[in-house]
Structure formats: C-alpha cells, structure tokens
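Student: I would like to learn how to read the features of a model like this one. Please show me the structure, and then we can start with contacts.

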Amino acid sequence: MEPTGTRYRCTACGNLTRFDVTSTRRSQAFHHYTVGGDLHIEDELVLSEDIEEVACRWCGTAANVVPIVNP
C-alpha cells in the first residue's frame, strides 16, 4: 500500500514531518494465508482515497495544516 504523495506543513508550529492523517480508502488486494493461518496481504492497489483530516502531531491542530505545493 503506497501512502499518499502529498506533503504537509503546520503553519502554527512549523512541523514538516509528523501528522495524523484520517482517510477512507477503497482498495483491492490479494490475501494470502499460510498453512499456519497467518495472513499476508500482497499486490494491494488503492482504488480511491479520501483524506478527511490532517492534524499536526506536535501541536494537535488540524486548522493550520496545509499541503506543500512543489513547483
């Protein structure tokens, strides 16, 4: 499963590295169970993803988190 490619910045505290991202995903994956019953998820494809909220892990705000736009 690949994470979203969007980077974020908290304008309140300057954080660039730690965020709590709440999202809803719809995916398709191959579930491979071993003989012992352990599950390994392989070949997962994210079909859609809706980012609901991004909150700064350092200061806790979600109101001041903005996506970083790369030129």
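Tutor: Contact means heavy atoms within 4.5 Å. Keep in mind that this is a predicted model.

Student: With that cut-off, which residues is valine 54 in contact with, leaving aside its neighbours within four places in sequence?

Tutor: Valine 54 is in contact with Tyr8, Phe19, Asp20, Val21, Thr61, Ala62 and Val65.

Student: Which residues make up the largest nonpolar core?

Tutor: Buried means under 20% relative accessible area, and a nonpolar core joins buried residues of that kind through side-chain atoms within 4.5 Å. Here the largest such core has six residues, namely Tyr8, Cys10, Phe19, Val54, Cys56 and Val65. At least two residues of this core come from β1 (7-10), and at least two from β3 (39-56).

Student: How many helices and strands does the protein have?

Tutor: There are zero helices and four strands, so the order from the N terminus on is β-β-β-β.

Student: What share of the residues counts as buried?

Tutor: Of the 71 residues, 13% count as buried. The protein exposes about 5,500 Å², and carbon and sulfur atoms supply 49% of that area.

Student: How far apart are the mean positions of the positive and negative charges?

Tutor: They are 11 Å apart, for 6 positive and 10 negative charges.

Methods: Residues are numbered from 1 along each chain as its sequence is written. This is a predicted model: local features need pLDDT of at least 70, side-chain atom pairs count only at pLDDT 80 or more; totals for chains, interfaces and linings use all residues. Side-chain values use heavy atoms; hydrogens and water are left out. Buried means under 20% relative accessible area, exposed over 50%, partly exposed in between (1.4 Å probe, protein chains only). Accessible areas come from the Shrake-Rupley method with a 1.4 Å probe; for residues, only the protein chains shown count as cover. Lys and Arg count as positive and Asp and Glu as negative; His and the chain ends are not counted. The place of a charge is taken as NZ of Lys, CZ of Arg, CG of Asp or CD of Glu.
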